[in-house]
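Subject: Structure for your review

Dear colleague,

Please find below the structure that I am handing over to you, together with its sequence.

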Amino acid sequence: MEIITKSPEETKKVGRRLASALIGGEIICLSGDLGAGKTTFVQGLAFGLGIKSRLISPTFILVRKYNLQPKNNNLTPDTLFHVDLYRLEEKVDKEVVNLGITDVWEKKENIVVIEWAEKIKEIIPDKAKWVFFENLGADERKIKIE
Ligand code: ADP
Ligand code: MG
């Protein structure tokens with residue numbers, strides 16, 4: 001599916017919509033250049049999962065963890081992990097394993113969203129959902145969800 005958004009709000013809405021389909025255990029891989037809208041998308045996704053605090057880009061700390069409020073239905077996810085691999089350049093696979101992220105994404109109560117996931121595509125499980133972002137100039141972004 002391909003969507004063109006014309007504002008950050010529209011991109012957040014796409015993230016929010018995806019959030020409503022999540023049941024836990026998902027790995028969402030985001031790929032695209034700096035400024036293409038990945039973090040903006042995650043802000044919408046986090047909002048959709050009921051996270052009220054402001055979502056900060058984890059660029060300088062690699063991983064941010066958010067506890068999810070229990071819902072009145074059978075949804076199992078209880079934690080969102082927001083990972084950003086932008087800063088990592090060498091042996092990224094190994095780094096991600098050392099950080100425990102591969103353990104985290106095996107648990108069905110976790111949702112893991114990863115910016116710059118293409119850096120570790122060799123170790124990303126097949127079940128992962130990929131989302132590609134492209135900057136079309138000014139406020140236009142192309143979002144392709146596989
Ligand atoms: P990334 O995480 O991919 O580096 P960000 O989401 O941090 O990108 O930044 C995207 C930037 O582009 C933000 O400053 C945002 O306000 C701006 N922007 C403009 N139009 C859009 C749009 N349609 N979708 C997402 N971001 C947009
Ligand atoms: Mg970002």
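The notes below treat the ligand, the aromatic residues and several individual positions in turn.

This is a predicted model, in which local features need pLDDT of at least 70 and side-chain atom pairs count only at pLDDT 80 or more, while totals for chains, interfaces and linings use all residues. Residues are numbered from 1 along each chain as its sequence is written, chains are lettered from A and ligands numbered from 1 in the order in which they are written, and side-chain values use heavy atoms, with hydrogens and water left out.

The ligand

Ligand 1 is surrounded by 16 residues, the closest being Thr11, Gly35, Lys38, Thr40 and Asp139. A residue counts as near the ligand if one of its heavy atoms lies within 4 Å of it. By class, this shell around ligand 1 holds 3 nonpolar, 7 polar and 6 charged residues. Here Ala, Val, Leu, Ile, Met, Phe, Trp, Tyr, Cys and Pro count as nonpolar, Asp, Glu, Lys and Arg as charged, and the others, Gly among them, as polar.

Helix H1 (8–19) and helix H2 each supply at least two residues of the shell, and H2 gives the largest share, 3 residues. Helices (H or I, at least four residues) and strands (E, at least two) are DSSP runs, numbered from the N terminus.

Several backbone atoms lie at polar-contact distance from ligand 1. A polar contact is a pair of N or O atoms within 3.5 Å; within protein, one must be able to donate a hydrogen and the other to accept it, and residues adjacent in sequence count only if both atoms are side-chain atoms. A polar backbone atom of Gly37 is 3.0 Å from an oxygen atom of ligand 1, and a backbone N or O atom of Ala36 lies 3.3 Å from an oxygen atom of the ligand. For Asp139, a backbone N or O atom is 2.8 Å from a nitrogen atom of ligand 1. On its own, ligand 1 has 560 Å² of accessible area, of which the protein covers 75%. Accessible areas come from the Shrake-Rupley method with a 1.4 Å probe; for residues, only the protein chains shown count as cover.

Aromatic residues

Rings of Phe, Tyr and Trp (its six-membered ring) pair if their centres lie within 6.5 Å; planes under 30 degrees apart count as stacked, over 60 as edge-to-face and the rest as tilted. By this rule there are 3 aromatic pairs. One of them joins Phe41 and Phe133, which is edge-to-face because the ring centres are 5.3 Å apart and the planes stand at 75°. This pair links distant parts of the chain, with Phe41 in helix H2 (residues 38–48) and Phe133 in strand S6 (residues 129–137), 92 residues apart. Phe41 is buried at a relative accessible area of 0%, and Phe133 is buried at 6%. Buried means under 20% relative accessible area, exposed over 50%, and partly exposed in between (1.4 Å probe, protein chains only).

Trp130 and Phe132 also pair: their ring centres are 5.9 Å apart and their planes lie at 15°, so this pair is stacked. Trp130 is buried, with a relative accessible area of 17%, whereas Phe132 is partly exposed at 29%.

Trp116 lies in the loop between strand S5 (110–115) and S6. Trp116 is buried, with a relative accessible area of 12%, and has a positive phi of about 65° although it is not a glycine. The charged end of Lys119 sits over the ring of Trp116, 5.8 Å from its centre. The rule for this is that NZ of Lys or CZ of Arg is within 6 Å of the ring centre and within 35 degrees of the ring normal.

Other positions

Lys91 also has a positive phi, of about 45°, although it is not a glycine. Lys91 is in the loop between strand S4 (79–84) and helix H3 (92–98) and counts as exposed, at 63% relative accessibility.

Thr39, in helix H2, is buried with a relative accessible area of 19%. The side chains of Thr39 and Glu115 are joined by a polar contact of 2.7 Å.

Lys127, in the loop between S5 and S6, is exposed at 51%. Lys127 and Glu26 are 101 residues apart in sequence, and their C-alpha atoms are 7.7 Å apart in space.

With kind regards
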